[in-house]
Amino acid sequence: MTAVEETPAGTAEPVGHGRMLRKEDPRLVRGRGRFVDDVQLQGMLHLAILRAPMAHARIVSIDTAAAEAHPKVKAVVTGEALAEKGLAWMPTLSNDVQAVLATDKVRFQGQEVAFVVAEDHYSARDALELIDVEYDMLDPVVDARRALEPGSPVVRDDLDGKDDNHVFDWETGDRAATDAVFERADVVVSEDLVYPRVHPAPMETCGAVADFDSVEGRLTLWSTTQAPHAHRTLYAMVAGLPEHKIRVVAPDIGGGFGNKVPIYPGYVCAIVASLVVGRPVKWMEDRSENLVSTGFARDYIMRGEIAATRDGRILGIRTNVLADHGAFNAQAAPSKYPAGFFGVFTGSYDIEAAHAEVTAVYTNKAPGGVAYACSFRITEAVYLVERIVDCLAHELEMDPVALRSKNLIRPEQFPYTTRTGWVYDSGDYEPTLREALRISGYDELRKEQEERRARGELMGIGVSFFTEAVGAGPRKNMDILGLGMADGCELRVHPTGKAVVRLSVQTQGQGHETTFAQIVAEEIGIPPQDIDVLHGDTDNTPFGLGTYGSRSTPVSGAAAALVARKVRDKARIIASGMLEANVTDLEWTKGAFAVKGDPDRSVTIQEIALRAHGAGDLPDGIEGGLEAQVCYNPENLTYPHGAYVCVVDVDPDTAQVSVRRFVAVDDCGTRINPMIIEGQVHGGLADGVGMALMEMIPFDEEGNCLGGSFMDYLLPTALEVPDWETGHTVTPSPHHPIGAKGVGESATVGSPPAVVNAVVDALKPFGVRHADMPLTPSRVWDAMRGRATPSF
Amino acid sequence: MQVPAPFEYERATSVDHAIGLLGRLGGSARLVAGGHSLLPMMKLRLTDLEYLIDINDLHADLGHVRVERDEVRIGAMVRHRELLESAELARALPVFAEAERVIADPVVRNRGTIGGSLCQADPSEDLSAVCGALDAVCVIRGADGERLVPMDGFHRGPYETAVGPDEMLTEVRIPLHPGGSSAFEKVERRAGDWAVASVAAAVQVEDGLITGARVGMAAVGPDTVTVPGLSEALRGQRPSEELYTHAAEIAARACDPATDTRGSADYKRHLAGELTRRTLRRAVAGTEGKA
């Protein structure tokens with residue numbers, strides 16, 4: 001375990017960066033967090049949603065009379081009623097539309113059909129059973145591979161002239177150049193890889209409390225959102241309410257992982273309900289509703305191909321992807337990136353050519369597509385490249401580490417422009433890889449594996465090396481529904497030298513209240529304990545696009561550093577007046593300005609703050625107060641990287657996989673709070689083990705979701721994961737004000753291929769080169785028997 | 001939060017009180033003990049019960065684990081945790097502690113009971129396999145008194161038992177044999193999950209020969225609490241790897257698994273055999289020095 005070096009409050013030396021216990025934890029560990037479901041308002045009513053029991057059916061009729069007659073029911077609303085107000089459909093984050101309540105037909109099991117508002121949650125739920133819906137069953141589109149077949153049922157016949165299930169085609173890279181390197185390559189390896197549909201499954205499900213004040217014309221919405229400002233703007237656009245009359249509040253959030261980026265029909269239903277009944281309305285989905293209807297992740301069917309020379313020089317990578325986007329294209333990704341950042345599939349390797357094409361289809365499944373800590377599809381991209389590189393190592397009979405090492409981008413090549421046009425800002429890969437090998441004792445592990453194999457035991461060693469692209473993003477090419485992906489930050493220093501910093505991003509448990517206080521503390525010299533971090537309330541914070549895609553530190557963290565520097569610049573001028581010295585003669589040491597060469601003549605930031613608000617004249621042209629605001633537009637993404645080593649043992653008879661060790665060496669540039677970074681990495685590694693070994697949202701042939709409870713959708717526990725062994729290297733980002741890169745999703749991105757590579761390595765004696773996730777005992781047993789296509 | 005439909009609730013103060021309530025309220029009443037199967041079903045609105053009769057206050061009457069010379073008596077209200085932690089039971093019937101270690105999680109084990117587990121009759125439930133292997137006898141009480149039903153006849157199909165609508169299971173009796181031991185093995189996708197397959201085996205060995213052997217399985221068919229033909233095949237034989245392989249083949253043939261998200265039918269059948277081999281091997285090892 002990692003020791004936590006606690007820094008006592010009020011020490012003379014301001015802390016800034018470094019290990020520090022999380023400021024939000026006393027509240028959270030004592031049960032004093034305030035989540036959406038904790039919001040109780042006078043006269044509040046409860047909303048429950050009736051959902052489609054099947055995947056695809058036409059709605060013939062809906063009889064709500066019995067539900068309306070329930071003594072505690074205040075309103076029953078159907079899609080037809082919403083359509084009369086023009087609210088039956090809403091835009092998705094990918095410029096598609098999604099039904100708030102179904103009007104014509106239901107398109108996935110669990111789709112919203114009607115809602116009930118009642119005096120209590122129980123009555124609302126009871127009344128759902130009194131609604132009688134007559135459906136006319138339709139054939140569902142379940143298998144994405146068959147969605148484009150002629151004669152397939154059409155999921156989206158609501159769209160004008162739509163007569164197939166095609167969503168988009170997208171490509172990147174140079175097809176001709178790539179085909180050319182494949183032509184001349186000594187070795188070409190192809191593999192079909194499925195990254196199955198998984199779910200972020202945050203501990204707190206999604207929900208909202210809507211309170212519309214009809215006198216003021218003002219809507220307050222407490223909701224489980226990772227992006228309160230973006231949501232407010234979209235509500236203004238959809239509902240036609242003036243934006244300044246909408247207040248979105250994200251209180252404590254119990255995990256997001258991307259699941260709380262989209263706007264869900266339930267939020268809109270709660271708003272409509274409050275407008276209709278004139279009272280506050282709470283909607284809180286249950287676990288099954290969360291798993292069945294909210295934003296899933298992945299569902300990429302990939303064909304990966306890699307071309308190389310006989311001695312292991314990688315020449316090119318190409319891939320075809322079939323993406324299952326479900327019934328509505330509700331993927332959250334920057335507008336110009338329909339496949340997210342999948343374009344970084346060339347990974348950490350210096351290759352000659354690359355090409356990818358992605359085709360997305362509609363199916364009768366829940367919508368979503370980017371969620372679960374994936375950095376906009378980089379999870380899929382990294383899995384593809386790290387798996388296919390291992391397949392190449394298998395064919396070349398080369399050690400997978402040696403193969404990677406031979407092809408890594410070299411430090412002198414940075415900034416490095418990939419064959420698909422991404423500019424990696426900085427990196428020094430070899431030391432990171434070496435550190436992972438050192439911690440894991442890689443050579444000894446290989447020796448041990450040899451001995452065990454001789455005894456008939458199955459031990460596997462898996463390696464992955466990833467490069468992430470996080471911190472979306474430069475507004476010249478990144479926006480979501482036209483909103484530029486920049487973030488604001490405001491800093492106000494109070495007269496006594498305490499401060500408050502206001503953010504546009506929203507923590508879901510990542511520790512923003514600590515990390516951002518530390519960023520500001522480092523720049524301005526006020527201890528982090530004296531800096532309050534406010535976020536999550538659109539009335540009290542500056543505009544910005546929120547927290548997802550590991551963008552908080554790269555974008556908002558930069559804003560926090562810059563706003564602090566702006567305040568410090570003003571403090572310097574005030575200090576020059578106080579010290580009667582020229583500003584250029586002042587020297588900043590953390591927390592104070594001193595006259596160069598005369599350290600006794602100095603003023604602390606606290607003294608300056610008091611002066612800024614106090615009596616007496618300030619230098620010419622300087623207003624009172626000590627505060628500033630900025631809006632930060634990142635110049636580029638940041639590109640953290642890491643090297644992971646996983647060791648597994650597989651029972652040769654029962655095919656059970658146990659993860660014996662996991663070594664993760666991460667490089668996220670400047671490390672603000674190493675303890676929080678390690679926590680982020682630990683969580684992501686558990687995610688990765690879960691996805692590699694057990695997580696999946698499967699469907700049967702009728703399109704029934706088979707992952708609708710935690711009995712069916714398995715998340716790993718402490719018993720499935722080893723003690724994590726973490727390490728780090730530091731390659732600062734050259735364009736980020738403090739050199740930091742994002743890290744929140746690195747482990748989720750980097751760990752699944754390490755686990756799968758380890759299991760496949762363990763199965764080498766059976767000639768196995770690939771097996772699809774999740775590697776349940778049954779699937780591993782199938783792989784040992786040469787069966788590649790699992791039943792589920 | 002998932003919430004159940006309305007129901008009426010009464011706490012039984014004695015076994016007779018509970019049986020009386022069942023008789024009066026009929027088929028729309030259900031007993032609740034630990035509630036770890038029933039409450040989720042109620043919350044998912046998969047039951048249509050109108051009355052819930054809470055028998056948790058009967059733990060004083062039905063919470064006993066009595067290890068006697070030739071029999072173990074376990075009250076229906078004994079919690080999983082008590083089965084796990086009873087040192088006396090572990091000495092007499094090690095299979096219980098081995099099974100309980102991998103049944104669900106501590107939260108469930110603190111509340112769930114042996115009676116509830118057997119009466120739920122989930123084909124994936126582990127204790128039924130344990131009781132099947134141990135040749136347990138179930139004591140069922142009704143208004144007219146008690147009747148005894150061996151584990152072989154206790155399950156009438158998935159989620160159905162020999163317990164009538166106005167009866168309750170009160171005790172499980174397990175015969176003890178000299179030179180006996182037992183073992184349990186389970187494959188699960190994750191700690192706390194239902195079994196992909198689990199197997200319990202009980203053997204008696206005297207003078208180097210197997211004098212009795214039974215195997216019970218879970219999750220590999222609608223009713224596999226005992227494997228037919230296995231006892232006959234093993235009795236009188238000297239324990240050996242070849243014999244375990246033969247037993248494994250019998251077990252694999254006896255099961256009737258379905259392909260689902262926990263695994264393919266072929267894999268489960270393979271496990272039925274493999275786990276039979278492992279449990280027999282360990283159960284026989286456990287008899288050494290006992291007879």
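1. How close do the axes of helix α9 and helix α17 of chain A come, and at what angle do they cross? In this predicted model, the axes of α9 (residues 378-396) and α17 (residues 746-762) of chain A come within 8 Å and cross at roughly 30 degrees. Because angles under 35 degrees count as roughly parallel, α9(A) is roughly parallel to α17(A). The crossing of these helices is right-handed.

2. The contact between the two helices may be followed residue by residue. From α9(A) it draws on I378(A), T379(A), V382(A), Y383(A), E386(A), R387(A) and D390(A). The residues from α17(A) are T748(A), V749(A), G750(A), P752(A), P753(A), V756(A), N757(A) and V760(A). By class, the contact of α9(A) with α17(A) divides into eight nonpolar, four polar and three charged residues.

3. A separate point concerns helix α12 of chain A, which covers residues 442-454. With 13 residues at 1.5 Å a residue, α12(A) should span 18 Å; the end C-alpha atoms are 19 Å apart, and so the two values agree. After α12(A) comes G456(A), whose phi is positive, near 85 degrees.

4. The final point is the contact between the chains. Chain A contributes 26 residues and chain B contributes 20 residues. On the side of chain A that touches chain B, the elements giving two or more residues are α4 (121-128) and α18 (777-784) of chain A. The residues of that side of chain A comprise eleven nonpolar, seven polar and eight charged.

Conventions:
Residues numbered from 1 in each chain as written. Chains lettered and ligands numbered in written order. Predicted model: local features only at pLDDT ≥ 70, side-chain atom pairs only at ≥ 80, totals over all residues. Helix = DSSP H or I, 4+ residues; strand = E, 2+ residues; numbered from the N terminus. Expected span 1.5 Å × (residues − 1). Contact = placed C-beta atoms within 7 Å. Nonpolar A, V, L, I, M, F, W, Y, C, P; charged D, E, K, R; others polar. Axes fitted to C-alpha atoms, helices over the stretch in contact; angles between N-to-C directions. Parallel < 35°, antiparallel > 145°, perpendicular 65-115°, else oblique. Left-handed = near helix turned anticlockwise from the far one by under 90°.
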